[in-house]
Amino acid sequence: MRFRSEQHLRRQSEISAVRERGRRVDGGAFVLWWRERAPEEGVPSEWGPRVCVVASKAAVGMAVARNRAKRRLREVFRKHQGLVAPGLDLMLVARSAAVRWDFEVLEQKFQEACRRLPVEKCGEVRAPDVKQ
């Protein structure tokens with residue numbers, strides 16, 4: 001699957017809405033913040049899930065490491081975006097382990113995090129799986 005331009009969260013207002021009104025799932029090498037889009041926001045659900053990838057200097061390191069962490073997380077999302085309901089906005093916040101871990105482990109952690117997100121079926125959104 002492609003990672004189309006309309007799947008990028010670009011506006012600061014959209015990104016801060018995910019951070020302020022969303023929920024989070026810890027993935028070890030990243031934190032996945034998610035929020036359901038409201039229909040009145042005017043973003044078609046046909047566009048699928050939207051994502052923003054963030055890597056700070058304090059958490060990841062210098063520019064080379066930050067860029068690598070973001071590239072790896074974008075690729076993980078691109079490969080596994082089918083696990084995410086179309087009406088969700090995501091923000092992936094990289095940690096230093098996003099650069100160190102094998103790509104397969106990063107994929108596995110992303111898949112585990114996606115299992116905790118709500119899943120849309122026939123217009124209904126079911127609650128995420130929560131470990132107890």
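Biologist: How many helices and strands are there in the protein chain?

Modeller: Happy to start there. This is a predicted model, and its protein chain holds 4 helices and 6 strands. Going along the sequence, they come in the pattern α-β-β-β-α-β-α-α-β-β.

Biologist: And what share of the 132 residues is buried?

Modeller: Buried residues make up 41% of them. The accessible surface of the chain is about 7700 Å², and carbon and sulfur atoms account for 48% of that. Among contacts with a separation of 6 or more, 73% join residues 24 or more positions apart.

Biologist: In which sense, parallel or antiparallel, does β2 pair with β4?

Modeller: Strand β2, residues 30-36, pairs with β4 in the antiparallel sense, over 7 bridges. You can follow the pairing by checking which residues face each other. Phe30 sits opposite Ala94 of β4, and Glu36 sits opposite Leu88 of β4.

Biologist: And in which sense do β3 and β4 pair?

Modeller: That pairing is parallel, with 5 bridges between β4 and β3, which spans residues 50-54. Here Arg50 stands opposite Asp89 in β4. To get from β3 to β4 the chain passes through helix α2, residues 63-80, and this β-α-β crossover is left-handed.

Biologist: Back to β2 for a moment. Why is β2 described as largely enclosed?

Modeller: The count of buried residues tells you. In β2, 6 of the 7 residues are buried, so the rest of the structure largely encloses this strand. Strand β2 has another partner to look at: β1 runs antiparallel to it, and 4 bridges join the two. Arg24 stands opposite Trp33 in β2.

Biologist: Now the helices. How do I read which side of a helix faces inward?

Modeller: The general idea is this: an α-helix has 3.6 residues a turn, so residues three or four places apart point the same way. Now take α2. Its buried residues are Ala69, Arg72, Leu73, Val76, Phe77 and His80. They cover an arc of only 135° around the axis, so they are on the same side of α2. The cover over these buried residues includes β2, β3, β4, α3 and α4.

Biologist: What span should the 18 residues of α2 have?

Modeller: At 1.5 Å a residue, they should span 26 Å, and the end C-alpha atoms of α2 are 26 Å apart, which agrees.

Biologist: Which residues are buried in α4?

Modeller: In α4 the buried residues are Leu106, Glu107, Phe110, Ala113 and Cys114. Viewed down the axis of α4, they fall within an arc of 125°, so they line one face of the helix. The elements covering them include β1 (23-26), β2, α2, β4 and α3 (97-100). The span check works here too: α4 has 12 residues (103-114) that should span 16 Å, and its end C-alpha atoms are 16 Å apart.

Biologist: Could we finish with single residues? Is Glu14 buried or exposed?

Modeller: Buried means under 20% relative accessible area. Glu14 has a relative accessibility of 14%, so this residue counts as buried. Glu14 lies in helix α1, residues 12-21. Leaving aside residues up to four places away in sequence, Glu14 touches Leu9 and Arg50.

Biologist: And what does Ala65 touch, not counting residues up to four places away in sequence?

Modeller: Ala65 touches Val60 and Val99 on that basis. Ala65 lies in helix α2 and is partly exposed, with a relative accessible area of 21%. Ala65 and Val99 are 34 residues apart in sequence, and their C-alpha atoms are 6.6 Å apart in space.

Note on methods
Residues are numbered from 1 along each chain as its sequence is written. This is a predicted model: local features need pLDDT of at least 70, side-chain atom pairs count only at pLDDT 80 or more; totals for chains, interfaces and linings use all residues. Side-chain values use heavy atoms; hydrogens and water are left out. Two strands pair if DSSP finds at least two bridges between them. A crossover is right-handed if, with the strands pointing away from the viewer, the path from the first strand over the helix to the second runs clockwise. Buried means under 20% relative accessible area, exposed over 50%, partly exposed in between (1.4 Å probe, protein chains only). Contact means heavy atoms within 4.5 Å. Accessible areas come from the Shrake-Rupley method with a 1.4 Å probe; for residues, only the protein chains shown count as cover. The expected span of a helix is 1.5 Å times one less than its number of residues. The arc is that of the directions from the helix axis to the C-beta atoms.
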